[in-house]
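Subject: Structure handover

Hello,

Here is the structure I said I would pass on. Please keep it open while you read the notes below it.

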Amino acid sequence: MRIRSAVPAVLAAAALSASLLAVSPANAAARHQSGLHLGYIQYDSPGRDSRTNSSLNAEWVNIHNNSGSAIQLKGYKLKDNTGYTYTFGSYKIGAGKTVKVRTGKGTNASGVRYWGRGSYVWNNTSDKARLIKPSGSLKDSCSWTTADSGSKNCH
């Protein structure tokens, strides 16, 4: 008799679990921002902060275009809490594409831009990256603390 009375409860629990699993992918998709936004940020260059160009370039910010069309980034700015600012020149990011902005020096290419700095931009303990539209309004931002362990997924 006990087994029969447990069956409805087990079936109800299974139905609830199935409905929660069905909702999870939708929730995951909702967390991924649409349009132009900050993606993954490596704010603490791995290893010792030696200020070598390779160490500076190991600090970077991804900007992702999750829209269905290309976006011209000319005039967009990437800014930290201190006010360090990278301003995009003419650069078109394709639909579904990402551009990585590295802190150090290098040759700009498709999918990568170089800030050209000789010192680090992003604070390792806490900071906030801001993506500013050419109009001056905030498009997106992402902040972190030491709890994020050197990198942050901003989606």
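**What was found**

The mean pLDDT of the protein chain is 85, and 79% of its residues reach 70 or more; pLDDT is the predictor's confidence in each residue, from 0 to 100. This is a predicted model, in which local features need pLDDT of at least 70 and side-chain atom pairs count only at pLDDT 80 or more, while totals for chains, interfaces and linings use all residues. Residues are numbered from 1 along each chain as its sequence is written, and side-chain values use heavy atoms, with hydrogens and water left out.

One part calls for caution. Contact here means heavy atoms within 4.5 Å. Where pLDDT is low, the predicted coordinates should not be read in detail.

**Overall layout**

The protein chain has 2 helices and 11 strands. These are DSSP runs numbered from the N terminus, with helices being H or I of at least four residues and strands being E of at least two. From the N terminus on, the order is α-β-α-β-β-β-β-β-β-β-β-β-β. Among contacts between residues at least 6 apart in sequence, 56% join residues at least 24 apart.

Of the 155 residues in the protein chain, 34% are buried. Buried means under 20% relative accessible area, exposed means over 50%, and partly exposed is in between (1.4 Å probe, protein chains only).

**Strand pairing**

Two strands pair if DSSP finds at least two bridges between them. Strands β2 and β7 run antiparallel and are joined by 5 bridges; in β7, the bridge partner of His 64 is Thr 98. On β7 there is also a link to strand β8 (residues 112-114), with 3 bridges, and these two run parallel. Val 101 has Arg 113 in β8 as its bridge partner.

Strand β9 has two pairings to look at. It is joined to β4 (residues 77-79) by 3 bridges, antiparallel, and Leu 78 stands opposite Leu 131 in β9. Between β9 and β10 there are 7 bridges, again antiparallel. Lys 128 has Ser 143 in β10 as its bridge partner. β9 and β10 form a hairpin with 5 residues between them, and Gly 136 in the turn has a positive phi of about 100°.

**The nonpolar core**

In soluble globular proteins, nonpolar side chains tend to be buried together. A nonpolar core is a set of buried Ala, Val, Leu, Ile, Met, Phe, Trp, Tyr and Cys residues joined through side-chain atoms within 4.5 Å. The largest one here has 24 residues, and those with the most contacts inside it are Leu 38, Ile 63, Leu 73, Phe 88 and Trp 122. At least two residues of this core come from each of β1 (36-42), β2 (60-65), β7 (98-102), β9 (126-132) and β10. The largest share, 3 residues, comes from β1.

Which residues does Trp 122 contact, leaving aside its neighbours within four places in sequence? Among them are Tyr 43, Val 61, Leu 78, Trp 115, Ala 129 and Trp 144.

**The disulfide**

A disulfide is counted when a pair of cysteine sulfur atoms lies within 2.5 Å. By this rule there is 1 disulfide. Cys 142 is joined to Cys 154, with S to S at 2.0 Å. The angle about the S-S bond is -80°, and the link is left-handed. Cys 142 lies in strand β10 (residues 138-145) and Cys 154 in the segment after β11 (151-153), so the pair ties together parts that are 12 residues apart in sequence. Cys 142 is buried at 6% relative accessible area, and Cys 154 is buried at 9%.

**Loop residues**

Most residues other than glycine have a negative phi. Arg 51, not a glycine, has a positive phi of about 65°. Arg 51 is found in the loop between β1 and α2 (53-57) and is exposed, with a relative accessible area of 54%. Ser 149 is not a glycine either, and its phi is positive at about 60°. Ser 149 sits in the loop between β10 and β11 and counts as exposed at 66% relative accessibility.

Regards
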